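Hi everyone, thanks for making time today.

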Amino acid sequence: MRRVSRIAVAGAATAALAVTVSACGGTSSDAAASKDDKNKGVAIAYDVGGAGDQSFNDAATVGMKKAAEEFKTGEKAVEPVDGESDADKAQRLTQLAKQGYNPVIGVGYAYAPAIKEVSEKFPKTTFGIVDDETVKADNVSDLVFSEQEASYLAGVAAAKTTKSKTVGFVGGVDVPLIHKFEAGFVQGVKDTNPKVKVVKQYLTEKAEDGGFSSPDKGKTAAQGQIEKGADVVYHAAGLSGQGVIEAAAAKKVWAIGVDSDQYKQDALAKYKKYILTSATKDVAGSVYNLAKAVEDGNAKGGVVRADLKSGGVALAESNPEFMKMKDVQEALKKAEEGIKGGKIKVKTAP
């Protein structure tokens with residue numbers, strides 16, 4: 001069974017955004033509204049790192065743009081502000097809802113308190129939140145993923161590829177969401193080869209300290225792991241992951257990307273030779289699907305989970321060198337079938 005590469009996020013997607021200053025800080029893009037002006041289209045409020053992270057936020061941008069183009073509606077993407085509060089996020093979402101955007105999507109678990117507050121005030125507007133399932137409301141869709149499953153496959157690939165028998169994991173922020181990436185990766189490594197050592201590091205304890213938005217932090221962490229012998233480093237660190245990939249390329253060891261197919265991204269092109277694969281999740285598809293549900297008039301609240309079986313998470317296949325590794329591909333095929341069939345139960349916490 002052949003795996004399918006998921007989201008290929010082009011840097012041009014964010015470059016195309018028309019930039020203006022928004023009332024609650026940051027920048028936004030605002031295209032023409034729909035003809036009847038009843039629904040201006042899809043709006044997204046970015047997570048830490050904002051547009052151009054070549055990862056999580058850019059994937060959401062792709063989904064937004066696809067929906068706007070297909071449904072001939074407007075679009076709007078709003079940047080976060082450093083050190084902002086939940087009240088700032090709520091103000092941002094309120095403005096988008098008042099302006100007539102539907103759905104309004106918060107990209108990242110940090111939007112949970114704001115989504116809960118604002119969705120109650122605008123019951124006729126559909127809200128979405130990526131990577132959180134704590135908000136329970138008829139007009140809120142919780143867009144979540146089984147990241148641990150793709151991370152398990154990344155662990156299998158790392159264990160089969162390492163020559164030093166040491167691999168690394170760099171997490172952006174020490175929170176339950178990123179623990180899922182660590183848990184799946186470590187389990188995949190150990191199930192494949194118990195003798196392989198996994199060196200782990202989280203960049204920060206809180207997102208506001210830059211764990212997802214500091215390439216320099218990611219670079220330093222990866223350099224430290226490489227000095228300890230790691231010759232494959234997997235990151236789940238958003239924009240900070242660019243530093244991880246840079247450090248791996250500098251030492252000519254493998255990096256494994258996250259969220260989007262980072263081998264195919266223009267901003268990382270000079271490092272692509274050392275990007276083995278990426279553990280992807282279809283954030284773009286989730287954003288688009290929610291916009292389509294609103295357009296079709298059948299949007300519903302509740303948890304919408306994407307996993308390996310549905311194709312919502314996967315391991316990218318873009319690097320031809322990776323695809324030529326027959327023993328690695330055989331091990332991945334077996335692991336994928338085990339997860340889909342229920343034989344392999346992947347942990348969600350270390």
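Let's start inside: helix α6 gives the most to the lining of the largest cavity, with 3 residues. Helices here are DSSP runs of H or I with at least four residues, strands are runs of E with at least two, and both are numbered from the N terminus. A word on the source: this is a predicted model, where local features need pLDDT of at least 70, side-chain atom pairs count only at pLDDT 80 or more, and totals for chains, interfaces and linings use all residues. Residues are numbered from 1 along each chain as its sequence is written, and side-chain values use heavy atoms, with hydrogens and water left out.

You'll want the grid rules. On a 1 Å grid over the protein atoms alone, a cavity is a set of points where a 1.4 Å probe fits but cannot get out; a pocket is an open set with protein on both sides within 12 Å along at least five of seven lines; lining residues have an atom within 4 Å of a point. Points are joined across faces, edges and corners, and a volume is the space filled by probe spheres set on the points.

The largest cavity has a volume of about 170 Å³. Its lining has 18 residues, with F56, I178, F212, G238 and D259 nearest the centre. Two or more lining residues come from each of α2, α6 (176-192) and β11. By class, that lining holds 11 nonpolar, 2 polar and 5 charged residues. Here Ala, Val, Leu, Ile, Met, Phe, Trp, Tyr, Cys and Pro count as nonpolar, Asp, Glu, Lys and Arg as charged, and the others, Gly among them, as polar.

The second largest cavity holds about 60 Å³. Among the residues lining this cavity are N102 and P103, and α2 gives the most, with 3 residues. Keep that pair in mind: the peptide bond from N102 to P103 is cis, with omega near 10°. P103 is found in strand β5 (residues 101-107).

Now the open spaces. The largest pocket has a volume of about 370 Å³. It is lined by 17 residues, and V48, V81, G83, A207 and E208 are the closest to its centre.

On to the packing. A nonpolar core is a set of buried Ala, Val, Leu, Ile, Met, Phe, Trp, Tyr and Cys residues joined through side-chain atoms within 4.5 Å. Buried means under 20% relative accessible area, exposed over 50%, and partly exposed in between, with a 1.4 Å probe and protein chains only. The largest core has 62 residues, of which I44, I178, F185 and Y234 touch the most other members. Its largest share, 8 residues, comes from helix α5 (residues 147-161).

Most residues other than glycine have a negative phi. K72, though, has a positive phi of about 55°, and lies in the loop between α2 (56-71) and β4 (74-78). K252 also has a positive phi, near 55°, in the loop between α8 (241-250) and β11 (254-259). Buried or exposed, what is K252? K252 is exposed, with a relative accessible area of 63%, and K72 counts as exposed at 66%.
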